[in-house]
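Subject: Handing over a structure

Dear colleague,

I am passing on the structure below, and I would be grateful if you could look it over alongside these notes.

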Amino acid sequence: MLTQIINGRILTPQGWLKDGSVLICDGKILEVTNSDMAIIGANVIDAKGMNIVPGFVSMHAHGGGGHDFTEATPEAFTTAVQTHLRHGSTTVLPTLSSSTFETIAKAVQTCEELMAVPGSAIAGLHIEGPYLSRKMGGTQWGEFLKDPDPAEYTPLLESTSSIRRWDISPELPGAHEFARYTSGRGILTALTHTEAEYEEVKAAFAAGFTHAAHFYNAMPGFHKRREYKYEGTVESVYLTDGMTVEVIADGVHLPATILKLVYKLKGADNTCLVTDALKYAGYTGEPINDPRYIISDGVCKLADGISLAGSIATSDVLVQTMYNKAEIPLEDAVRMASETPARILGLADRKGSLQKGKDADIVILDKKARVRCVFAGGNIVEGTNTMIH
């Protein structure tokens, strides 16, 4: 069945295309054409003048819809992924926070099973920890934190190809050996929860740490020790050409001014938008059954109300924040949520842009960057077609 999306502004790698159409067949983009004449026999979708953009690539999310990926069950994975899918994330890397290697192994098995399902939105697994600095571990579970151990990670990584990303603290003993091993296997290796200064960041980059997780969060900026001043991890990452970053662009973890600064210094080609979302992503106001947390101001906070516990954002919120609050051009806000993470993760051959032969993962956004329709593999995701309302 041929589907044709017409009457919208199409974001292509070359820029916006007006008065064109996107042709979809068998789950792939058949063509992006500059003609919007309806094709006889096609299932025609009228975008009503809105923006037709690539599906988002969610490369750092811990859960959603009330489930955490460390539950490691098909139900938890499916529910959380579907939550993000309804908000435009047509590709998802489930993220595991620090946990036991037994849990990681179980999650690997679940991930492999679900990736084998035709049309799955899951593109692999993302592990954060347990190789994290105890001082900078943040909300990660302290009981699991340890130094990198080749006897643990080598057998695991040799047993699966589903792990696409792993984040650790680069200053730990054995961290550079870990990065050389993981990056050598094509796994995106990111520094996180760290106090590393310039020389350490430079050495980590040379070892294979090519990405900075939740930039600005769980890492210091410019600071003093006694009477002397030192660059922080933030400035060190800025100075490291070729190191990519990601930002939690929910408007709370980072203010709009800092989001503008990251965009100005790193650019859309080197910046990804991530939710880093907890299981409360997609929260719609229902009571949460956990006395440790409250939901307030669009984020999850500790019960005291003065400390952030994590994000509840979905990818559409990130794009809206960048566009409406940080005043970033919509095309670049979308690229940072789609094209850039797809390229960094090695998925650009089939994800991240609207081009012939790629997966028909498409989002239609209105003028305020709100999701009005989501296509995954050419099919409209249930409950997302609000264009007629």
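This is a predicted model: local features need pLDDT of at least 70, side-chain atom pairs count only at pLDDT 80 or more; totals for chains, interfaces and linings use all residues.

Residues are numbered from 1 along each chain as its sequence is written, and side-chain values use heavy atoms, with hydrogens and water left out.

The protein chain has 10 helices and 25 strands, where helices (H or I, at least four residues) and strands (E, at least two) are DSSP runs numbered from the N terminus. Its radius of gyration is 21 Å, close to the 21 Å that the globule rule gives for 389 residues, so the chain is as compact as a globular protein of that length; the radius is taken over C-alpha atoms, and the rule is 2.2 Å times the number of residues to the power 0.38. Along the principal axes, the C-alpha atoms fill a box of roughly 70 × 45 × 45 Å. Of the 389 residues, 54% count as buried, that is, under 20% relative accessible area, with exposed meaning over 50% and partly exposed in between (1.4 Å probe, protein chains only). Among contacts (heavy atoms within 4.5 Å) between residues at least 6 apart in sequence, 67% join residues at least 24 apart.

Helix α5 spans residues 198-207, and its buried residues are V201, A204 and A207. Seen down the axis of α5, these buried residues fall within an arc of 120°, so they line one face of the helix; the arc is that of the directions from the helix axis to the C-beta atoms. An α-helix has 3.6 residues a turn, so residues three or four places apart point the same way. The cover over the buried residues of α5 includes α4 (175-184), β14 (188-191) and α6 (233-239), whereas E199 and A206, on the other side of α5, are exposed. Just after α5, G208 takes a positive phi of about 130°.

T192 sits in the loop between β14 and α5, and at 0% relative accessibility T192 counts as buried. Leaving aside neighbours within four places in sequence, T192 is in contact with E128, L132, D167, I168, S169, P170, A213 and H214. The C-alpha atoms of T192 and M50, which are 142 residues apart along the chain, are separated by 38 Å.
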